[in-house]
Amino acid sequence: MNNTEVVIIGGGLSGLYAAGELQRHNKNYLLFDTKPTLGGRIAGIPSSDNTEQYYDLGPSWVFPHHLRMQELVSKLKLSLYEQFEHGDVLFQFENIKQPRRIDSHPTQNVFRIKGGTFNLVKHMLKELNPKNLYVKHKVTKIEQVNNFYRVHIFDGTQTRAINCLKILFAIPPRIIARDFEGSAWLSPSLQQSLFSSQTWMAAQAKILVTFDKPFWREQTLSGQAFSQQGPMVEVHDASLSDNEGALFGFIGMPAAQRIYEPTKELKQACIRQLGVLFGQQAYKFNKCYLKDWAKDKDICTGQDQSEGSRHPIIKTSLFSKECALQNMFFAGSEFAEEEAGYLEGALIAVEKAVQLLTNNEK
Ligand SMILES: Cc1cc2nc3c(=O)[nH]c(=O)nc-3n(C[C@H](O)[C@H](O)[C@H](O)COP(=O)(O)OP(=O)(O)OC[C@H]3O[C@@H](n4cnc5c(N)ncnc54)[C@H](O)[C@@H]3O)c2cc1C
């Protein structure tokens with residue numbers, strides 16, 4: 001591992017997109033991520049038939065106005081399809097035992113990536129030099145030394161340091177504020193700005209249940225359900241094909257409470273709820289996965305766990321230009337001036353950061 005021009009911290013969508021952009025500008029870079037798998041919040045479970053299809057445990061939806069995402073998908077020769085919403089929607093009202101079935105028309109008009117969102121990560125990786133990408137490498141300390149940075153990286157066994165000229169943070173603002181608190185380059189006002197911005201969806205938990213086929217479609221049900229009883233407050237069709245049925249749900253219980261809830265019991269309660277909603281066939285599931293993002297320390301902080309969900313708000317204009325003069329750039333999705341927290345936000349934030357980074361040299 002040699003010294004380099006740019007160190008990218010984080011290998012989620014923003015880190016990988018930044019790597020591609022830097023490669024396009026012929027920049028030398030190294031990317032580090034703490035996790036064993038790249039993709040960050042884009043986490044996927046391979047389908048049972050191993051056909052490079054993935055169920056989503058993180059983001060699933062590309063919104064119609066997210067044009068950069070749509071362009072990226074088509075550039076990578078992937079395709080989008082509409083979220084399955086045909087059929088009735090089920091509602092579980094408080095104090096009413098039986099779910100109500102309501103005739104509904106597709107309302108969300110959102111898209112999913114064919115093969116799952118993790119397929120996007122797989123395709124992005126094909127375009128990057130694997131020698132520049134380090135998994136299971138956590139950046140633990142950044143020191144400003146004269147006109148360069150010394151970056152300390154822990155690989156699970158030992159800590160090594162490399163030098164670079166520029167740092168590109170592709171991690172959420174609150175993770176920077178938490179993990180690099182006390183660094184000389186982190187002024188009290190920057191620390192405060194970074195800390196104030198919640199990481200979008202970081203405190204959510206997603207459950208995914210797979211079936212031989214999307215049996216609810218045969219009952220003209222859309223797979224969509226909304227519940228005031230829980231544990232899931234929303235359920236959606238997450239099938240990959242007619243032979244790879246799946247439902248996913250968001251758990252309504254707040255993160256701070258979930259910590260005390262054993263995973264096994266929570267999963268069982270979700271299956272029982274699917275049984276009430278969709279009938280006996282729900283009990284014939286194949287696999288059940290629960291990803292509690294609030295327990296993921298690389299993504300979620302204690303502050304995120306204790307707050308109600310809200311969109312990130314961070315006034316990057318207050319510090320990004322000043323930081324750019326010190327060769328520090330911010331590219332995580334939460335730093336985007338528009339669509340912050342979304343997949344689209346990650347692309348917007350990277351484009352801005354890379355523009356500042358390359359402008360610095362003119
Ligand atoms: C359950 C869920 C559902 C969502 N649904 C949608 C959706 O439908 N549509 C949508 O547009 N968006 C959705 N989102 C948001 C979307 O996932 C994010 O906007 C996007 O993935 C953020 O990418 P990122 O690269 O900025 O950050 P992240 O994906 O958080 O990546 C940050 C990376 O940095 C790494 N890291 C942290 N600290 C260090 C360190 N010190 N050293 C090295 N590496 C470090 C982490 O391991 C992580 O891999 C959802 C998110 C979740 C959790």
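This is a predicted model: local features need pLDDT of at least 70, side-chain atom pairs count only at pLDDT 80 or more; totals for chains, interfaces and linings use all residues.
For the record, helices (H or I, at least four residues) and strands (E, at least two) are DSSP runs numbered from the N terminus. I found 40 residues surrounding the ligand, the closest being Gly10, Gly12, Gly40, Pro59 and Met201; a residue is near the ligand if its C-beta atom, placed from the backbone, lies within 6 Å of it. The elements that give two or more residues are helix 1, strand 10 (138–145), helix 4 (173–179) and helix 10.

Domain 1 (1–79 + 114–199 + 297–362) and domain 2 (83–113 + 203–295) each supply at least three residues to the shell, with bounds from an automatic or database domain assignment.

**Ground rules.** I number residues from 1 along each chain as its sequence is written. Local features need pLDDT of at least 70 and side-chain atom pairs count only at pLDDT 80 or more, while totals for chains, interfaces and linings use all residues.

**Helix 10.** I then looked at helix 10 (residues 343–359) itself: its 17 residues reach 25 Å from first C-alpha to last, close to the 24 Å expected at 1.5 Å a residue, where the expected span is 1.5 Å times one less than the number of residues. Because 12 of the 17 residues are buried, helix 10 is largely enclosed by the rest of the structure. Buried takes 20 or more other C-beta atoms within 10 Å of a residue's own, exposed 12 or fewer, and partly exposed is in between, with C-beta atoms placed from the backbone. The buried residues include Leu343, Ile348 and Leu357, and they pack against helix 1 (13–24), helix 2 (67–75), strand 12 (159–169), helix 9 (320–325) and strand 18 (328–330).

**Glu244.** Is Glu244 buried or exposed? I find it buried, with 20 other C-beta atoms within 10 Å. Glu244 sits in the loop between strand 15 (232–237) and strand 16 (245–251). Leaving out residues up to four places away in sequence, Glu244 touches Ser47, Gln53 and Ser239; contact means C-beta atoms, placed from the backbone, within 7 Å.

**Strands.** Last, I checked that strand 15 and strand 16 pair antiparallel over 5 bridges, pairing being at least two DSSP bridges.

Conventions: Two residues are in contact if their C-beta atoms, placed from the backbone, lie within 7 Å.
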